[in-house]
Amino acid sequence: MLPLLKLGTLALRTISRPIARRLKVEAGLHPRFRDYIISFAQANYRFGTNVQRRLYGRATDVVIRPMDEEKAVGAAAELLGELVIFTVAGLAIIFEVQRNARSEARKEEQRKQEIEAMKQKGTNLEKEVQCLKAKLQEMEQLVQRRSWLDLIRFWQSQALEEHKSARFE
């Protein structure tokens with residue numbers, strides 16, 4: 001996974017460079033777009049400078065000189081190129097997370113179905129055990145009745161033999 005991520009990042013950076021160059025060209029051709037990205041770059045420059053001044057403990061209420069137009073166009077184009085990279089990378093991450101979530105949901109549903117099947121099998125086995133217990137109890141009763149019958153027959157045969165032997169004596 002990591003090599004693919006690195007390869008994807010490299011591909012995004014490679015793709016963003018022509019985008020940044022195209023933005024620079026467009027800024028030169030379209031004055032309205034140029035004004036927009038220059039103001040965007042100047043705002044970003046002021047924000048970054050203020051953050052740096054706060055980090056170093058310097059005054060932040062001073063007037064910050066604006067960048068010249070060519071530097072502002074270059075900075076804006078670079079910033080927009082990086083924005084494209086991060087946007088595409090963010091979308092790729094979101095897509096991957098959603099794909100993993102769907103995969104996990106499918107796995108969880110499959111586990112639930114397996115658990116339900118096991119519960120059903122357990123219920124069926126329990127019913128079968130109850131049925132077998134009933135049959136076993138019935139057979140035991142039959143065996144007990146038969147045993148009593150065999151015992152009665154034995155007693156009858158013993159009594160008959162005694163009666164025969166008593167006759168011959």
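Phe47, Val51, Leu55 and Tyr56 make a nonpolar surface patch of about 490 Å². Such patches are made of residues with over 30% relative accessible area and no salt bridge, with nonpolar side chains (Val, Leu, Ile, Met, Phe, Trp, Tyr) joined within 5 Å and like charges within 9 Å. This is a predicted model, where local features need pLDDT of at least 70 and side-chain atom pairs count only at pLDDT 80 or more, while totals for chains, interfaces and linings use all residues. Residues are numbered from 1 along each chain as its sequence is written, and side-chain values use heavy atoms, leaving out hydrogens and water.

**Overall layout**
- The protein has 3 helices and 0 strands, taken as DSSP runs numbered from the N terminus (helices: H or I, at least four residues; strands: E, at least two).
- Of its 169 residues, 12% count as buried; buried means under 20% relative accessible area, exposed over 50%, and partly exposed in between (1.4 Å probe, protein chains only).
- The accessible surface comes to about 14600 Å², and 61% of that belongs to carbon and sulfur atoms; areas come from the Shrake-Rupley method with a 1.4 Å probe, and for residues only the protein chains shown count as cover.

- Leucine 55 is found in helix H2.
- This leucine counts as exposed because its relative accessibility is 68%.

**Nonpolar core**
- The largest nonpolar core has 11 residues, among them Leu23, Ile37, Met67, Val73 and Leu80; a core is a set of buried Ala, Val, Leu, Ile, Met, Phe, Trp, Tyr and Cys residues joined through side-chain atoms within 4.5 Å.
- Helices H1 (2-29), H2 (31-55) and H3 (69-168) each supply at least two residues of this core, and the largest share, 5 residues, comes from H3.
- Leaving aside neighbours within four places in sequence, valine 73 is in contact with Lys24, Ala27, Arg34, Ile37 and Ile38, where contact means heavy atoms within 4.5 Å.

**Salt bridges**
- The count comes to 4 salt bridges, each a side-chain nitrogen of Lys or Arg within 4 Å of a carboxyl oxygen of Asp or Glu.
- Glutamate 70 and arginine 34 meet in one of them (3.0 Å, N to O); this pair links distant parts of the chain, with glutamate 70 in H3 and arginine 34 in H2, 36 residues apart.
- Glutamate 70 is exposed at 55% relative accessible area, whereas arginine 34 is buried at 16%.
- Arg34, Glu69 and Glu70 are linked in a network of salt bridges.
- Arginine 111 and glutamate 108 also pair (2.8 Å, N to O); they are 3 residues apart in helix H3, so about one helical turn separates them.
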